[in-house]
Amino acid sequence: MTIRRMKMAMTDNPKKLANLIDLVNLPSTLREFVGQSQISRLGCFKCVWSYIKTNNLQDPTNKNVVVCDEKLKSILLGKPKVELAELPALIKLHFPKNPK
Amino acid sequence: MGKLSPSFRSILSTSVIHKPTLSPAAPPLSSKKPTPKPSRKTPSGQSSGHPVKPKLPTVFKSASLADAKKLYSSFISTSKAPFNLRVHNSLLQSYASIATLNDSISFLRHMSKVQPSFSPDQSTFHILLSTSENRPDSSLASVRKILNFMVTNGFNPDKVTADLAVRSLCSVGLVDEAVELVKELSLKHTPLDIYTYNHLVKQLCKSRALSTVYNFIVEMRSSCGAKPDLVTYTILIDNVCNSNNLREAMRLVSLLYKEGFKPDCFVYNTIMKGYCMVGRGAEAIGVYKKMKEVGLEPDLVTFNTLIFGLSKSGRVKEAIDFLDSMAEMGHFPDTVTYTSLMNGMCREGNALGALSLLKEMEAKGCNPNSFTYNTLLHGLSKSRLLDRGIELYGLMKSSDMKLESASYSTFVRALCRSGRIAEAYEVFDYAVESKSLTDVSAYLSLESTLKSLKNAREQAHAV
């Protein structure tokens with residue numbers, strides 16, 4: 001039932017959806033990482049996740065933990081280790097609700 | 001639980017009236033009995049109800065008229081005997097399916113000029129009509145053009161012509177134009193055929209308000225005396241049932257009696273479906289009993305609908321009983337039957353029972369489809385049988401099955417809850433890659449799962 005409710009909230013709330021897929025002007029740290037000047041929150045998440053995969057940054061003993069390299073550290077609050085579970089929340093920090 | 005069983009979803013999207021397949025020489029009358037009832041379609045894992053068109057051998061590779069003429073000349077010079085009508089028709093069909101209407105007409109003119117022995121007949125013009133649905137720019141004007149071209153060549157549009165014209169207009173979404181054309185044709189040339197009529201009613205039901213459909217019926221009755229028949233009523237009942245308007249369905253049934261019709265198996269199946277969709281199992285059984293009373297033989301669809309409805313309203317035991325009685329009457333349960341049953345069992349939290357039903361159905365030679373697997377994945381994730389769920393997911397992935405949004409979300413939630421975040425991310429990747437879900441909805445359920453998990457942890461710490 002929660003899924004259903006979530007879906008309802010999704011379709012009822014275009015603002016939330018816009019938050020996720022609208023292109024946003026990026027701060028310089030993030031711009032360097034993604035190589036674009038604009039990206040959506042979803043695009044950014046996919047970009048970071050694929051960066052983790054291609055560079056094999058997941059801890060081999062515990063796949064749920066990402067061992068950040070310098071580049072990743074620069075955008076994830078400088079943490080040396082990040083849980084995969086907190087990744088969406090960390091990325092959200094770069095996308096404040098009211099940019100203006 | 002207002003969720004529709006995945007296995008049943010295919011039923012709703014199945015197009016009710018099948019397009020007539022056309023053979024170039026003799027376009028058949030669309031004399032098939034439309035089947036407005038839960039699908040008889042063999043569940044093959046495809047949810048789209050569009051019939052696959054047979055691929056014609058493509059003679060013409062280029063849509064250019066000059067190329068086509070050149071190719072045609074080379075055909076004539078290599079063949080000893082002059083081509084008959086059949087060959088010409090096939091050539092036209094092949095060319096018209098890729099070329100514009102004007103070019104196709106010019107090509108037809110060219111052929112009859114070069115070979116005077118070829119005189120186009122009714123079927124030749126029907127080819128032009130039937131191929132016009134491949135053209136994205138086909139409109140009322142282009143259909144009119146073909147009809148005028150036909151009349152100037154001395155052929156009057158008959159009911160096959162009208163049917164083809166209507167279908168080609170409807171297939172590009174020009175239902176209003178089709179209605180206009182039908183009115184015109186029925187005044188000038190040919191009375192409205194009941195199959196064309198029903199096709200139009202069906203199309204109107206799909207895209208217009210119910211009142212528009214009723215207006216159309218009233219108007220056709222007064223203008224050209226076309227009366228709704230039993231199939232029309234079935235289409236209407238099906239339509240109102242799909243929007244859960246049971247009261248209107250009952251009104252239609254009583255109207256149907258008043259008009260002197262006797263409901264057949266299709267009507268009963270449709271009414272039963274209406275009850276099942278709103279989860280009223282008792283009424284569904286009532287319809288079944290009524291059918292037996294009036295001496296109608298229930299068919300496979302009746303049983304599938306009934307089992308679906310009973311499973312949905314939590315009466316799995318009775319549903320299983322019907323499994324036996326359908327076997328007694330010589331109907332073999334198919335994938336839809338089993339999937340509905342599994343859905344019911346999963347609702348009860350008996351995912352293991354559903355899993356053993358999968359074994360049983362496979363042993364009986366009935367192949368599960370993606371709906372079956374999705375139902376099971378949903379059930380297993382819900383009853384916290386995660387290992388089994390992961391096993392099943394691996395199976396689905398290896399055969400490139402798509403995930404449904406409900407089973408995706410529950411599976412991801414179950415994975416995250418037991419701390420297998422990396423695996424959940426992997427499922428996310430698969431869902432996006434296999435185009436099961438849009439990346440937006442896949443991401444949203446992943447994100448909100450992680451968020452609610454975090455909140456739950458924080459609450460636990462606070463206590």
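UniProt positions are given here in the numbering of this model, feature names are shortened, and annotations may be inferred rather than shown by experiment. With that said, UniProt places the feature "domain: DM2", from an unreviewed entry, at residues 19–97 of chain A.

Some housekeeping. This is a predicted model, in which local features need pLDDT of at least 70 and side-chain atom pairs count only at pLDDT 80 or more, while totals for chains, interfaces and linings use all residues. Residues are numbered from 1 along each chain as its sequence is written, and chains are lettered from A and ligands numbered from 1 in the order in which they are written.

Chain A, then. Helices (H or I, at least four residues) and strands (E, at least two) are DSSP runs, numbered from the N terminus. Chain A has 6 helices and 4 strands, and along the sequence they run α-α-β-α-β-α-β-α-β-α. Within residues 19–97, the stretch is 46% helix and 13% strand, with its end C-alpha atoms 8 Å apart. A residue is buried if 20 or more other C-beta atoms lie within 10 Å of its own, exposed if 12 or fewer, and partly exposed in between, with C-beta atoms placed from the backbone. Of the 100 residues of chain A, 20% are buried.

Next, where the chains meet. Contact means that the C-beta atoms of two residues, placed from the backbone, lie within 7 Å. On that basis 17 residues of chain B are in contact with 15 residues of chain A. Helix 23 of chain B gives the most to its side, with 10 residues.

Now the inside of the model. A nonpolar core is a set of buried Ala, Val, Leu, Ile, Met, Phe, Trp, Tyr and Cys residues joined through C-beta atoms within 7 Å. The largest one has 127 residues, and those with the most contacts inside it include Ile237(B) and Met272(B). Helix 13 of chain B, residues 265–277, provides the largest share of this core, 8 residues. Leaving aside neighbours within four places in sequence, Ile237(B) touches Val267(B), Thr270(B) and Ile271(B), among others.
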